[in-house]
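Hi,

Here is the structure I promised to pass on. Have a look at it first, then read my notes below.

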Amino acid sequence: MTGASTNITWHDGHVTREERAALLKQKGVTIWFTGLSASGKSTVASALEQHLLHKGLNAYRLDGDNIRFGLNKNLGFSPEDRTENIRRIAEVSKLFADSATIAITSFISPYAADRDSARKLHEEAGIPFVEVFADVPVSVAEERDPKGLYKKARAGEIKEFTGISAPYEAPESPEIHIRTDLKSIAEAVEQITAYLEEKQYIGVTESLH
């Protein structure tokens, strides 16, 4: 996509991605959590971030709500704004991963096309992209409802609420599929860690148990 900015030139630095990874002793990767509100995305993402940091790895979590307090505070929840929300965070997570950081994003990201665009952005840059589907039935998410959002959506107080009055397009082939209502937080973190080790994105670690 051509941007609105003109008369600009990309400037490459003196440090290659490979050199940076070698010096920092870790590879950059984006771990993209997607799922309904109250699916456990942020909970597992936070636990994963802590686990990776305790392993001595540089990891940083980008949370959907938190980002809307700053970078994306001018966006609402219309389909167009949701797409722009994901476009921005895809670019930010790519920059983090390019710096040899493990970028952990936790966004509902309801549209498959937007997630595909985020993946393509990383793939074209040669940066690993790991989609994690935090999967729960809507009934379970609604029962959890820690923020009371489903109740408000059912009452018509929140418009365009994903899973109730707005669609969620579930991933068809995510790298990692977790039924968060059937696994503990520790088990979910272990599943993701095992995948990262298998792909050699991180070194082998001991069990969390």
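What radius of gyration would a compact globule of 209 residues have, and what does the protein chain have? The globule would be near 17 Å and the protein chain has 18 Å, so the two agree. The radius is taken over C-alpha atoms, and the globule rule is 2.2 Å times the number of residues to the power 0.38.

Two notes before you dig in. This is a predicted model, where local features need pLDDT of at least 70 and side-chain atom pairs count only at pLDDT 80 or more, while totals for chains, interfaces and linings use all residues. Residues are numbered from 1 along each chain as its sequence is written, and side-chain values use heavy atoms, leaving out hydrogens and water.

**The overall picture**

The protein chain has eight helices and five strands; these are DSSP runs numbered from the N terminus (helices: H or I, at least four residues; strands: E, at least two). Along the sequence they come in the order α-β-α-β-α-α-β-α-β-α-α-β-α. The C-alpha atoms fill a box of roughly 55 × 55 × 30 Å along the principal axes.

Of the 209 residues, 42% are buried. Buried means under 20% relative accessible area, exposed means over 50%, and partly exposed is in between (1.4 Å probe, protein chains only). Take the contacts (heavy atoms within 4.5 Å) with a separation of 6 or more: residues 24 or more positions apart account for 73% of them.

**The cores**

A nonpolar core is a set of buried Ala, Val, Leu, Ile, Met, Phe, Trp, Tyr and Cys residues joined through side-chain atoms within 4.5 Å. The largest one has 22 residues, and F33, I102, I104 and I192 touch the most other members. At least two residues of this core come from each of β1 (29-34), α2 (41-54), β3 (102-106), β4 (129-135), β5 (176-179) and α8 (185-198). Another core, of ten residues, lies apart from it, with L62, I89, A118 and F129 among them.

**Some residues to look up**

Is H122 buried or exposed? H122 sits in helix α5 (residues 112-125) and is buried, because its relative accessible area is 0%. Beyond the residues up to four places away in sequence, H122 touches T30, A90, S93, K94, I127, P128 and F129.

G64 belongs to helix α3 (residues 64-67) and counts as buried at 13% relative accessibility. Its C-alpha is 7.4 Å from that of I108, although G64 and I108 are 44 residues apart in sequence. G64 is also in contact with S106 and F107, again leaving aside neighbours within four places.

Helix α1 (residues 17-24) is another story: the number buried among its eight residues is zero, so α1 lies largely in the open. Just after α1, K25 takes a positive phi of about 60°.

That brings me to backbone angles. Most residues other than glycine have a negative phi. A100 has a positive phi, near 75°, and is found in the loop between α4 (79-98) and β3. Q200 has a positive phi too, of about 65°, and lies in the segment after α8. A100 is buried, with a relative accessible area of 4%, whereas Q200 is exposed at 57%.
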